[in-house]
Amino acid sequence: MCGIVGYIGNQEACPILLAGLTALEYRGYDSAGIALANGKMVQIIKDKGNVAHLKEILKKSPPMGTTGIAHTRWATHGEPSQVNAHPHTDFGNRVAVAHNGIIENYSVLKEMMKSEGVRFRSETDSEVLSQLIGRYYTDGDLAAAVRRALLDVEGTLGIAVIAFDNPDILIGARKGSPLVAGIGTDELFLASDASAVVSHTKNVIYLKDGNLIEMRKGGVFHTMTFDNRAVNPEIQHIEWNADALAKGGFNHFMLKEIFEQPETIRNAMRGRLLAEEGTSRLDGLNLVLPELRSIQRIILIGCGTSWHAALIGEYMIEEVAGLPVEVEYASEFRYRNPIIDPHTVVFVLSQSGETADTLAALREAANRGATVLGICNAVGSSIARETHGGVYLHAGPEIGVASTKAFTSQVTVLALLTLLLGRMRRISHADGMKIAKALAEIPKQAAKILKKNEEIIEIARTYYKHNNFLYLGRSYNFPVALEGALKLKEISYVHAEGYPAAEMKHGPIALIDKNMPTVVIALQDSVYEKVLSNIQEIKARGGSIIAVATEGDKQIAKHAQHVIYIPETVDMLSPLLAVIPLQLLAYHIAALRGCAIDQPRNLAKSVTVE
């Protein structure tokens, strides 16, 4: 999860490293630090707090040097503190290491080195790496010391390493945690995410697991495996630019990303939706038509918001294509004995393409012989590389920790998949055209909902002091209720629960009173009358109701205190519209409560540790 930045070149490294940390702060913000090598002295400054706090410290005496590493932390082992902040040094203060991941055998290694007289300063597992590298750094060959240390450790890592007495070298290595190298003109960059290097270069290498890169002054680099076999890496070109990382006049990245959804939904469909033919094309699946027709079962795997998108996908595919679908939490999938046969296709969903649990599930499914396909946003990510094929979202970088545009892009891709499978298996051209044309209208309809922002702010003003919410939906919009509740929990720290509306009377109705607002997705769809009955049950118990309803529905206003109207669409696409008011409601409640919306406590954007 943590953010790593490295630089080696001819410029002063400190400003470049700090700018990189700012771009990566969504990956962790418990503490931050920087280390520079200039061949003369140890220069390491770190402290508890965010990157802005580190910048204030560095204003007093900015460190000098053209080679350095930096880190912004999301705590795993050891509480956020100055001593637990990265980078970590070895016992002799010769090397510095920034680490993302978890060293699983750190306690054994730590006790071994302590018995040799090594004194540890921190509570972290990461310090074990710096101490090991320092232990092996005896002949001036930093790359050899890193390789030797990595053979001793078990777990996941993405690391950047410098030696204070050798400013002409920077080492990066990856095993399980993402790391990207930026290739500039006579300068090189290292980061856990391309967003930290895109303002300097668009040419990057996404390191593969078990690979190490040795960077030297003058833009020279060599890539090798941990056992010192040469690797010829592929240099890729980043499609988006640094402007995508700016807030663009919005107060928070999350709000900007909510408002980008008309365009990102359109991008997810571009070149794939064949409206007049009533179908879609998804060439990235790398499956020919006979293979698609032979699918007998689909498993959709994700975590958090991606799991909610998958649940919508289950409803879509089963209804339209007639295929049985199971939705699995990635974190649970590999810890049981999933049944997979040659006719089962597994789709893994992840915004970052680096989610540790999802990657582990992917590998488990592949080991069992499944065809594994990815739906992710990050080109060059681990999921993109390790799946047999897949579909990119093309949503651009999502900086807000609480996912918004990635969710609607995932649902859009699942709708395209549903349309493709449905036309091949059971629905007519006319029915396919109806879905396709409705899908083509979604971006314009989403833009119309965003114009209700001021109206939603007023609803938020009424309820932002409440500490408990209930979210209800049925059919396609039960997962939307789950997602709406998750958004509120993530960024406002308000307790919220999502339920199928009919399940309310099997327990949650006991919570209903005047202090427990209920958000109900009550669209004029196949379950509309059922949802109205559920609303009456809440109303009879004195509960306040915020309804998301279909434009033109005059009946709903008789039952709810507040109504947010959205355009009408076909049932299977309604989640794409119904979720937007819930995203805005969560955002404005969090803003009114004074919360750190883009950097909610205890959370990080990409969960790259188990």
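This is a predicted model: local features need pLDDT of at least 70, side-chain atom pairs count only at pLDDT 80 or more; totals for chains, interfaces and linings use all residues.

Biologist: Are α7 and α13 roughly parallel or roughly antiparallel?

Modeller: Helix α7 covers residues 261-269 and helix α13 covers residues 405-425. Their axes are 9 Å apart and pack at an angle of about 30 degrees. Angles under 35 degrees count as roughly parallel. Therefore α7 and α13 are roughly parallel.

Biologist: How many residues of the contact of α7 with α13 are charged?

Modeller: From α7 the contact takes Q261, T264, I265, A268 and M269. From α13 it takes K405, T408, S409, T412, V413 and L416. They divide into five nonpolar and five polar, and the number charged is one.

Biologist: How many of the 21 residues of α13 are buried?

Modeller: From first C-alpha to last, α13 reaches 30 Å, close to the 30 Å expected at 1.5 Å a residue. The helix is mostly covered, and its count of buried residues is 19.

Biologist: Is T264 buried or exposed?

Modeller: T264 lies in helix α7. Leaving aside neighbours within four places in sequence, T264 is in contact with A395, K405 and S409. Buried means under 20% relative accessible area. T264 has 4% relative accessibility, so it counts as buried.

Conventions: Residues are numbered from 1 along each chain as its sequence is written. Side-chain values use heavy atoms; hydrogens and water are left out. Axes are lines fitted to C-alpha atoms, for helices over the stretch in contact, and angles run from 0 to 180 degrees between N-to-C directions. Helices (H or I, at least four residues) and strands (E, at least two) are DSSP runs, numbered from the N terminus. Angles under 35 degrees count as roughly parallel, over 145 as roughly antiparallel, 65 to 115 as roughly perpendicular and the rest as oblique. Contact means heavy atoms within 4.5 Å. Ala, Val, Leu, Ile, Met, Phe, Trp, Tyr, Cys and Pro count as nonpolar, Asp, Glu, Lys and Arg as charged, and the others, Gly among them, as polar. The expected span of a helix is 1.5 Å times one less than its number of residues. Buried means under 20% relative accessible area, exposed over 50%, partly exposed in between (1.4 Å probe, protein chains only).
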